[in-house]
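These are my notebook entries on one protein chain. I set down what I looked up, in the order in which I looked.

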Amino acid sequence: MLAESICDWWSLAGVDALVGDEPAGWLVAPPANDAAATKPKALRASEPELPPLPAVLQRPEAPEVVENKGPVIFPDDWGDFQQWLATGDDVPGSQWDARRVLPIGAPGAALMLLTAWPEIDDQQSGALFSGAAGKLLDAMLAAIGTTRAESYVASLAVTRPAGGRCDSRDAAELDRLLWHHLRLAKPERLLLIGSNIVRMAAASELPDTRGKLLEINQDGGKVAAVAVAHPTMLLARPAQKAAAWDSLKLFNRGR
């Protein structure tokens, strides 16, 4: 009875545990032993990405430095030159289409047929002067007593630029290629076909060359040449056939 009375008294006083010499963490909550206590804390939702700055506020990237590789070196051997036209990565005028339209014939031909670049039909077929334009050209050649098979047929560029036009930088490289090609081909006579090649080779406009025998300087000598509109243009504008014949018939002299 006495012991119970003493315990009740201490309990009423707020003392309900034994006190020892070692300190105890009275305020530390005991570890929970239920499943809910092991739940990980919910992760904070990531903050949304901010929209990019307007272009005018962004730091400009350093301009790419373009290495100046210098002028292209053209092969001097005829066979190497033809192979280079077919497969070379640095051929001027080869960059406008994956398919190249290559020259046909041998050097030293009696007549070289030269145009600036393939027409759309040529690019698709892989051969110069294809389709109806080719048939008209064959008739023009027959009128002066020759054929394509007896001639060297080439375009200055082996692919067609968009819209049939090139910029001044490409034109400068094609100009170098023109004179190198002529030097290797060594034709006896030259038929310039189309206004673009007339500007490049004769530095003239096509209408100004009507009925004129042109002389193209080449390796210290001169090559006789005449200029005519491209057969595709003659098919579209038949009235220009008379001007083409005025020039073409100059190659008939002495026959």
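Entry 1. Is K249 buried, partly exposed or exposed? I found K249 partly exposed, with a relative accessible area of 37%; buried means under 20% relative accessible area, exposed over 50%, and partly exposed in between, with a 1.4 Å probe and protein chains only.

Entry 2. The model is predicted, so local features need pLDDT of at least 70 and side-chain atom pairs count only at pLDDT 80 or more, while totals for chains, interfaces and linings use all residues. Residues are numbered from 1 along each chain as its sequence is written, and side-chain values use heavy atoms, with hydrogens and water left out.

Entry 3. I then looked up the partner of K249. The side chains of D246 and K249 meet in a salt bridge at 3.6 Å, N to O; a salt bridge is a side-chain nitrogen of Lys or Arg within 4 Å of a carboxyl oxygen of Asp or Glu. D246 is partly exposed too, at 22% relative accessibility. Salt bridges that share partners join R210, D246 and K249 into one network.

Entry 4. How many salt bridges does the rule give? I read a count of seven. Among them is the bridge between E173 and R176, at 3.2 Å from N to O. Both residues lie in helix α5, three residues apart, which is about one turn of the helix. I recorded E173 as partly exposed at 22% relative accessible area, and R176 as partly exposed at 31%. Another of the bridges joins the side chains of R199 and E205, at 3.1 Å from N to O. R199 has a relative accessible area of 38% and is partly exposed; for E205 I found 38% and partly exposed as well.

Entry 5. I turned to the whole chain. Its secondary structure comes to eight helices and five strands; these are DSSP runs numbered from the N terminus, helices being H or I of at least four residues and strands E of at least two. Along the sequence the pattern reads α-α-β-α-α-β-α-β-α-β-β-α-α. Of the 255 residues, 35% count as buried. The accessible surface comes to about 17,100 Å², and 56% of that belongs to carbon and sulfur atoms; the areas come from the Shrake-Rupley method with a 1.4 Å probe. Among contacts between residues at least 6 apart in sequence, 72% join residues at least 24 apart, where contact means heavy atoms within 4.5 Å.

Entry 6. Which residues of helix α6 (residues 195-202) are buried? I listed I197, V198, M200 and A201. Their cover includes β1 (111-115), α5 (168-185), β3 (189-193), β4 (214-218) and β5 (221-228). After α6 comes A203, whose phi is positive, near 50 degrees.

Entry 7. I looked up two further residues with positive phi. F129 has phi near 55 degrees, a positive value in a residue other than glycine. F129 sits in the loop between α3 (120-125) and α4 (131-143), and is buried at 2% relative accessible area. K186 has phi near 50 degrees, again a positive value in a residue other than glycine. The loop between α5 and β3 holds K186, and I recorded K186 as exposed at 56% relative accessibility.
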